[in-house]
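Hi there,

Here is the structure I promised to pass on to you. Have a look at it first, and then read on for what turned up.

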Amino acid sequence: MSYNFLPHLAYIPYIKKVMIGKTGVLIVNLGTPDSPSVPDVRKYLREFLMDGRVIDIAAIPRWLLVNLIIAPFRSPKSAKVYKELWTEKGSPLKIYGEANEKQLQKSLGDEYVVKLAMRYQSPSIENGLKAFQEMGLKNIIVIPFFPQYASASTGSVYEEVMRIVTKWQIIPEITFKNNFYHYPKFINAFANNGRKHLENDEYDHVVFSYHGLPARQILKGDCTGKTCQLGSCCDTVHALNQHCYRAQCFETTRLLVKELGLKEGTYTTCFQSRLGRDPWVQPYTDDIVNELAAKGIKRVLAFSPAFVADCLETTIEVAEEYREIFEEKGGEHWKLVESLNDSEAWIDLLVELVKE
Ligand SMILES: C=CC1=C(C)c2cc3[nH]c(cc4nc(cc5[nH]c(cc1n2)c(C)c5CCC(=O)O)C(CCC(=O)O)=C4C)c(C)c3C=C
Ligand SMILES: [Fe+2]
Ligand SMILES: [Fe+2]
């Protein structure tokens, strides 16, 4: 029997690229504009807000709302704020994401291939997955950088990953990490960042401010249709409300409070970044800031545990805008606890999420 060896030589260039047996780790954050210019911010807001999981109304009214109202009017205002946030190296959300990609790759070693993706703008989920596909990886782990599950964040990342891989001939094993708000490594990492402030300074009150969500998005996720009334029902996480974003946020606060040894009555959970006129999950952070100042509270430490990297929502909204409101109303000191950013503790948690 003759065997022609030569055609196989044609595969040699691919042998370098194909990494059979390795695991791909796609770390995904929300996304940020390419630059703080008005056109780039407009492009980002359009892509972000046209996502039906973010503005969950019918496609035509959503298109009209985003393209005729929100994007044109909000982009110049948001661009101004992004300019304030921007550093020489770019947007903090992306800088920390790129650092995390390198740090996690180093910690995991060459059995894994780590790639950063953004749900909106760049680097895209599509390009990250395409790179994994070309490498012929054994399996893929997707880690959305959102500690608590929400359809608008984690759910949207899942949908985008599935939209892409359903077109593939071979779909490898894919693991999605749904949330990690209750992992001791997550709680300890945030608590340790806060503890440094609490030990060095006096505070009268601690605020835990989470990204808000339209109330209906939570109610739509209630599998029983009657478990969640957005009130004290979110005070515990149990089998029927385990995916309720608001319940997961309250549980995050409880675990942080326990770790920090805070006394009842000295802390508040609230929700920031309301957009539009529909009711969002309550209490609203701006109301709480006003109430605390009116009660004579002078010194507040603020945590933002819905974000794993400092970004517009923390550095500008929590650290600056709420501080300004608080000080205008008679408060004296308002301080944001830094996020997990590029800390070792965050990378340790990511390693646990990959290896568990
Ligand atoms: C309907 C609107 C919005 C929903 C729902 C929403 C949910 C949601 N968002 C995050 C995380 C981030 N959001 C960020 C910015 C941001 N969010 C919205 C609106 C909704 N978010 C807007 C319009 C913006 C842009 C800022 C502005 O123009 O004012 C960011 C910061 C990005 C950055 O570049 O720094 C993050 C992160 C989560 C986790 C979430 C659901 C729980
Ligand atoms: Fe947001
Ligand atoms: Fe709930």
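A residue counts as near a molecule here if its C-beta atom, placed from the backbone, lies within 6 Å of it. Please keep in mind that this is a predicted model.

Let's begin with the ligand. There are 21 residues around ligand 1, and those that come nearest are Thr 32, Ser 78, Ala 150, Cys 311 and Leu 312. Three helices, α3 (59-85), α6 (151-165) and α11 (312-328), each give at least two residues to this shell. What is the make-up of the shell in nonpolar, polar and charged residues? It divides into 13 nonpolar, six polar and two charged residues.

Next, the strands. Which strands does β5 pair with? One of them is β7 (residues 299-303), which pairs with β5 in the parallel sense over four bridges. Within that pairing, Val 206 has Leu 301 of β7 as its bridge partner. β6 also runs parallel to β5, and six bridges join the two. There, Phe 208 stands opposite Thr 269 of β6.

Now for some backbone details. Most peptide bonds are trans, and most residues other than glycine have a negative phi.

- Ser 122 and Pro 123 are joined by a cis peptide bond, with omega at about -5°. Pro 123 sits in the loop between β2 (112-118) and α5 (125-135).
- Gln 121 lies in the loop between β2 and α5, and its phi is positive, near 65°. Gln 121 is partly exposed, with 18 other C-beta atoms within 10 Å.
- Gln 282 and Pro 283 are also linked by a cis peptide bond, here with omega at about 5°. Pro 283 belongs to the loop between β6 (267-272) and α10 (285-294).
- Leu 230 has a positive phi, near 60°, and is found in the loop between α8 (215-220) and α9 (245-260). Is Leu 230 buried, exposed or partly exposed? Leu 230 is partly exposed, because 18 other C-beta atoms lie within 10 Å, a count between the 12 or fewer of an exposed residue and the 20 or more of a buried one.

How values were computed
Residues numbered from 1 in each chain as written. Chains lettered and ligands numbered in written order. Predicted model: local features only at pLDDT ≥ 70, side-chain atom pairs only at ≥ 80, totals over all residues. Nonpolar A, V, L, I, M, F, W, Y, C, P; charged D, E, K, R; others polar. Pairing = 2+ DSSP bridges.
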